[in-house]
Amino acid sequence: MQKINFMKLTIPAKSVNEGFSRAATAAFAALADPTVEELSDVKTAVSEAVTNCIVHAYGETDGLIYIDAALYEGGTLKIRIKDRGCGIPDVAKAREALYTTAGDERSGLGFTVMESFSDKLSVRSAVGRGTAVTITKFLKGKAAK
Amino acid sequence: MDITNENGILTVYLTGEIDHHSARAMRERADTELVKRRPKTLILDFSGVSFMDSSGVGLVMGRYKTAAALGCGVQVRGLRPRDRRIMELSGLKKLVAFQ
């Protein structure tokens, strides 16, 4: 699979950057001429992953979020969102719907929504070292409509 | 975000993008009005929302808890199909009326 374009974005884990990160990633994905629906799916999945970095990985501490996005021939989009935060002790548990450690205002649906709006989701995490989430989306684009 | 209060119905018109960042101000304002007005019904109107992630679910869940403690019912209306899909992942339909 031939990589045809990529971008890298490093941002501080501040909640104001949730909107920026999904808009920037959507602008990159838009180069593949996706449908509005596909673009919305990408924005939603990225928003969840970046929010997890801010709320869970770093919590009250400062840190950086590393976003790497690549477009491949045929319309495959891969977005890796990585932090160097606390890590997830039990990834399978964290991926369960409605599981949250963050209190009443968090739904516990972050990973469920990421899975629902992507074609493939991989999560790698090490306690004390951080987490990397890779979202894969096959953009069929407007040409397929 | 506009809020109206008529005949015991508090309607909160949510606007723009709902994420973890923006939800904070929305929930603080809604809760302040809920406690002050003590309505019989709270309507959360999503028709002005252009983007929502699971923070929108948290926003409804949190308001449901505040409203229930005050004896107030909650209705949600104006959801776009994709946002309804996110809400339905939560099982909130058992607690909140979706229109």
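**Interface and sheet of chain B**

A salt bridge (a side-chain nitrogen of Lys or Arg within 4 Å of a carboxyl oxygen of Asp or Glu) links the side chains of Glu17(B) and Lys43(A), at 3.9 Å from N to O. The model is predicted, with local features needing pLDDT of at least 70 and side-chain atom pairs pLDDT 80 or more, while totals for chains, interfaces and linings use all residues. Residues are numbered from 1 along each chain as its sequence is written, chains are lettered from A in the order in which they are written, and side-chain values use heavy atoms, without hydrogens and water.

Across the interface of chain B and chain A, five salt bridges are found. Contact (heavy atoms within 4.5 Å) involves 22 residues of chain B and 26 residues of chain A. The buried area (accessible area, 1.4 Å probe, that two parts lose on being put together, summed over both) is about 2,100 Å², with 49% from carbon and sulfur atoms. In chain B, the most area is lost to chain A by His20(B), Arg82(B) and Leu89(B), together 30% of what that side buries.

Chain B contains an open sheet of five strands in the order β1-β2-β3-β4-β5, with mixed pairing. Strands are DSSP runs of E of at least two residues, and helices runs of H or I of at least four, numbered from the N terminus; two strands pair if DSSP finds at least two bridges between them. The edge strands of chain B, β1 (2–6) and β5 (97–98), each pair on one side only. Strands β3 (residues 41–52) and β4 (residues 73–77) of chain B run parallel and are joined by five bridges. Leu44(B) has Val76(B) as its bridge partner in β4(B).
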